[in-house]
Amino acid sequence: MSTILEKPIKINRVMTISLSQAKALEDPARAKIVEALYHKQLTTEQIAKELQKSGYNKALTTIRHHLEILKDAGLIEIVRIEEIRGAIAKYYGTSTKLISSESAKDIDSKYSALIKTTSVKIEKILDGIAKKPALQKKSEGTQNEHLMMEIVNRAIAQVLESKSFTGNKKLK
């Protein structure tokens with residue numbers, strides 16, 4: 001048997017997502033709901049209108065089903081409950097920002113120098129963190145990986161939400 005194609009794969013990105021989150025986001029309408037709730041608090045009816053703008057015409061019962069799946073996965077939560085004319089209105093929100101990678105196909109060619117120099121600097125910082133005693137226990141390998149990702153994830157979230165990055169007022 002002869003090899004026709006062989007391509008070495010270099011790991012250059014890590015994505016953290018739980019199985020329940022992956023399943024919750026496999027439906028494009030649910031991903032749109034998470035996107036719609038970023039920086040907004042919306043009721044089921046308001047979510048339906050947002051989905052319609054994106055071409056998803058869903059019944060309220062279907063949207064409620066989607067909301068339950070997203071809540072169970074920890075991607076959204078009820079952030080406010082109001083009584084409006086005798087009825088209860090639940091407002092949903094999220095602390096999760098989905099970043100689409102579809103528009104980033106040429107990112108390596110456009111920004112390779114910036115990626116390389118900045119990655120080296122960040123690697124040095126992370127290497128210092130990885131050498132801390134709390135992360136030195138080999139038996140906690142996966143937990144240590146999650147801790148490192150959480151540190152990086154929260155730092156990225158802070159930068160993305162900062163006034164200097166977005167040009168908007170910093171959110172708390």
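**Entry 1: terms and model**

I began with exposure: a residue is buried when its relative accessible area is under 20%, exposed when over 50%, and partly exposed in between, with a 1.4 Å probe and protein chains only. The model is predicted, so I kept in mind that local features need pLDDT of at least 70 and side-chain atom pairs count only at pLDDT 80 or more, whereas totals for chains, interfaces and linings use all residues. I numbered residues from 1 along each chain as its sequence is written, and the side-chain values use heavy atoms, with hydrogens and water left out.

**Entry 2: the chain as a whole**

I counted 7 helices and 2 strands in the chain, taking helices (H or I, at least four residues) and strands (E, at least two) as DSSP runs numbered from the N terminus. Along the sequence I read the pattern α-α-α-α-β-β-α-α-α. Of the 172 residues of the chain, I found that 20% count as buried. I then looked at contacts, meaning heavy atoms within 4.5 Å; among those in the chain with a separation of 6 or more, 45% are between residues 24 or more positions apart.

**Entry 3: helix α2 and its surroundings**

I looked next at α2, where 7 of the 10 residues are buried, so this helix is largely enclosed by the rest of the structure. I listed the buried residues of α2 as Ala 29, Arg 30, Ala 31, Ile 33, Val 34, Ala 36 and Leu 37, and I noted that they pack against α1, α3, α4 and β2 (87-93).

I then took up the pair of α2 (residues 28-37) and α4 (residues 60-72), whose axes come within 10 Å and cross at roughly 70 degrees. The axes here are lines fitted to C-alpha atoms, for helices over the stretch in contact, and the angles run from 0 to 180 degrees between N-to-C directions. Angles under 35 degrees count as roughly parallel, over 145 as roughly antiparallel, 65 to 115 as roughly perpendicular and the rest as oblique; α2 and α4 are therefore roughly perpendicular to each other. On the α2 side I found Ala 29, Arg 30, Ile 33 and Val 34 making the contact, and on the α4 side His 66, Leu 67, Ile 69 and Leu 70. I sorted the residues of this contact into 6 nonpolar, 1 polar and 1 charged, where Ala, Val, Leu, Ile, Met, Phe, Trp, Tyr, Cys and Pro count as nonpolar, Asp, Glu, Lys and Arg as charged, and the others, Gly among them, as polar.

**Entry 4: the nonpolar core**

For a nonpolar core I used a set of buried Ala, Val, Leu, Ile, Met, Phe, Trp, Tyr and Cys residues joined through side-chain atoms within 4.5 Å. The largest such core has 18 residues, and those with the most contacts inside it are Ile 33, Leu 37, Ile 47, Leu 67, Leu 70, Leu 75 and Ile 76. I found that α1 (19-25), α2, α3 (44-53) and α4 are the elements giving two or more residues to this core, and that α2 supplies the largest share, 5 residues.

Not counting residues up to four places away in sequence, I saw Leu 75 touching Gln 21, Ala 24, Leu 25, Val 34, Leu 70, Thr 94 and Thr 96. I also checked Thr 44, which is found in helix α3 and is buried at 7% relative accessibility. Beyond its neighbours within four places in sequence, Thr 44 is in contact with Leu 60, Ile 63, Arg 64, Leu 67, Lys 90 and Tyr 92.

**Entry 5: salt bridges**

I searched the whole structure and found 8 salt bridges, each being a side-chain nitrogen of Lys or Arg within 4 Å of a carboxyl oxygen of Asp or Glu.

Arg 64 and Glu 45 meet through their side chains at 3.9 Å, N to O; this pair links distant parts of the chain, with Arg 64 in helix α4 and Glu 45 in helix α3, 19 residues apart. I found Arg 64 partly exposed at 40% relative accessibility, and Glu 45 is partly exposed with a relative accessible area of 40%.

Glu 68 forms a salt bridge with Lys 71, with the closest N and O atoms 2.9 Å apart, and both lie in helix α4, 3 residues apart, about one turn of the helix. Glu 68 is partly exposed at 36%, and Lys 71 is partly exposed at 24%.

Within helix α6 (residues 141-161) I noted Glu 150 and Arg 154, 4 residues apart, about one turn of the helix, with their side chains meeting in a salt bridge at 2.6 Å, N to O. Here Glu 150 is partly exposed at 35%, whereas Arg 154 counts as exposed at 57% relative accessibility.
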